[in-house]
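Please read this report with the structure open beside it. It goes from the whole chain to single residues.

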Amino acid sequence: MKYVSTRGNAPAQTFSEILLGGLAPDGGLYLPEAYPHFDAADLARMRGMGYRELAFEVLSRFADDIPEADLRALIDRTYTAETYGHGRPDSDFGQITPVRRLEDGLYLLELSNGPTLAFKDMAMQLLGNLFEYVLAKRGADINILGATSGDTGSAAEYAMRGKQNVRVFMLSPLEGMTRFQQAQMYSLQDPNIHNLVIRGVFDDCQDIVKSVSNDLAYKRRYRIGAVNSINWARVAAQVVYYFKAYFAVTQSNDEQVSFSVPSGNFGNACAGHIARMMGLPVRRLIAATNENDVLDEFFQTGVYRPRASAETRHTSSPSMDISKASNFERFVADLTRRDATQVAALWREVDHGRSFDLKPTGLFDRVAEFGLASGSSTHAERMATIRRVWESHGVMIDTHTADGLKVGQEHREAGVPLVCLETALPAKFEDAIREALGRDPERPRGLEKLEDLPQRYEVLDADTQAVKDYVASHAND
Ligand SMILES: *Cc1c(COP(=O)(O)O)cnc(C)c1O
């Protein structure tokens, strides 16, 4: 399997070759030349498989340059009930991604039972093991530099802690994260994890990471890498649970299922799209946004209009507060039937801060063929949804999942099971839960005293040079 850039101007590479990198050299995103396909016999065989077997079935098609025995060992080490056993006490952790029935035909897919209580653990934990494996083979090391407003940073740190030849330098803003999120990250004592708290806001952190990445000489010298949401291995790992959930809620492979996905960078929804392209009988794939509705606007109108960061609203589902959906380019590449010239032309607009409109090109008419639908949710709607689900089903959901459920139900069809992806647990967003329900969220066992643990972090000015100096002096530890 070879991977090519959405913009068509980069050499084809293998899975391991693109694993540690970010964008393709032409600025595009990597996609497999063609998606592997599961036929009826494959699907029949896959029904009934446990998570690890299913993960191997899917990922071995994408990572065919890793010897099968090695890939199997990496998967078996990653997807264990211990690692994914931090959720509600009555969850079936042996399933790794258990499905919870809310009512007939309506399900919650639990993706947030990993160590940081958000779905990003599903892919990031595998990435940690893959990085260690590939770096050991090459005799190389990497210094991961990132910026976080909460979920990504902690998922990356818990995935990379203690890994050989990997160091993490994670920038987080002095203000803006919840106390729980801060405690999650800053209580890690592993010497290869560096929390750099920046006197500024999230955008300052992101600007610093960008400006370090633009210094190619520095980047090469200190072997700077990233684990952002465009990483192909992350998307590929997320494909697996769509299959797992499909088999869990259907009796036969003739049935169709719809999925509702709380969306920001479109990584999770893109994985669902790819599962569908691989032959999974997905009827609708519903992208749910909050007030930052750049994706919903596109699916309603055909206009993709990335926002300036000043236009990005701070909401009570903060992990979806994005101004452009970085994985969206992968979907558009499929929409154009892989016309790289066309994709490159569209993103020439985006990269210059402009929008594009797919209606006049005729491409927008194809969106429905791909099963995509969308909607958005406001603060008041997510509060009402959290209350409703608590009152009618006795299940506490977080704000992101509430956006997904709200929008999913607007697109629900009789006779078609709807699976809503749970992307975080309510414990991460205490203030919002208190506002919605007048009570504190449940905390998974073992995390009751998280905020009391000793914390380890370095406070730095919002200054690129200060960050460069810090990384340089720890890059060879
Ligand atoms: C990252 C995140 C999202 C958005 O996922 P994308 O793949 O970026 O679309 C939604 N909910 C939560 C809780 C997240 O952490």
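What follows covers the overall fold, the nonpolar cores and a handful of residues.

**Basis of the values**

This is a predicted model, in which local features need pLDDT of at least 70, side-chain atom pairs count only at pLDDT 80 or more, and totals for chains, interfaces and linings use all residues. Residues are numbered from 1 along each chain as its sequence is written, and side-chain values use heavy atoms, with hydrogens and water left out.

**The whole chain**

The chain has 18 helices and 15 strands. Helices (H or I, at least four residues) and strands (E, at least two) are DSSP runs, numbered from the N terminus. The C-alpha trace spans about 60 × 55 × 45 Å along its principal axes. A compact globule of 477 residues would have a radius of gyration near 23 Å, and the 21 Å of the chain agrees with that. That radius is taken over C-alpha atoms, and the globule rule is 2.2 Å times the number of residues to the power 0.38.

Of the 477 residues, 60% count as buried. Buried means under 20% relative accessible area, exposed means over 50%, and partly exposed lies in between (1.4 Å probe, protein chains only). The chain exposes about 18300 Å², and carbon and sulfur atoms supply 47% of it. Accessible areas come from the Shrake-Rupley method with a 1.4 Å probe; for residues, only the protein chains shown count as cover.

How do contacts run along the sequence? Among contacts between residues at least 6 apart in sequence, 75% join residues at least 24 apart. Contact means heavy atoms within 4.5 Å.

The chain carries 53 positive and 65 negative side chains, and the centres of the two sets lie 2 Å apart. Lys and Arg count as positive and Asp and Glu as negative, while His and the chain ends are not counted. The place of a charge is taken as NZ of Lys, CZ of Arg, CG of Asp or CD of Glu.

**The nonpolar cores**

A nonpolar core is a set of buried Ala, Val, Leu, Ile, Met, Phe, Trp, Tyr and Cys residues joined through side-chain atoms within 4.5 Å. The largest core has 113 residues; Trp232, Tyr242, Phe243, Phe259, Phe266, Phe299 and Phe328 touch the most other members. Helix α10 (residues 232-249) gives this core its largest share, 14 residues. A second, separate core has 21 residues, including Ala288, Ala402, Ala436 and Leu437.

Which residues does Tyr242 touch, not counting residues up to four places away in sequence? Among them are Phe259, Val261, Leu280, Leu285 and Leu421.

Lys428 is in the loop between β14 (418-422) and α17 (430-437). Is Lys428 buried or exposed? Lys428 is buried, because its relative accessible area is 0%. Leaving aside neighbours within four places in sequence, its contacts include Leu117, Asp151, Ser154 and Gln184.

Ser154 sits in helix α6. With neighbours up to four places away not counted, Ser154 touches Thr116, Gln184, Met185 and Lys428.

Leu117 is in the loop between β4 (106-110) and α5 (120-138). Leu117 is not a glycine, yet its phi is positive, about 65°.

**Other residues**

Asn165 also has a positive phi of about 65° and is not a glycine. Asn165 lies in the loop between α6 (151-160) and β6 (166-173).

Ile144 belongs to strand β5 (residues 142-147). Not counting residues up to four places away in sequence, Ile144 touches Phe131, Met160 and Val168, among others. Between the C-alpha atoms of Ile144 and Ala310 there are 27 Å.

Gln455 is in the loop between α17 and β15 (458-461). Leaving aside neighbours within four places in sequence, Gln455 is in contact with Ala183, Tyr186, Ser187 and Gln189. The C-alpha atoms of Gln455 and Arg100 are separated by 35 Å.

| Residue | Relative accessible area | Class |
|---|---|---|
| Leu117 | 0% | buried |
| Ile144 | 1% | buried |
| Ser154 | 0% | buried |
| Asn165 | 33% | partly exposed |
| Gln455 | 36% | partly exposed |
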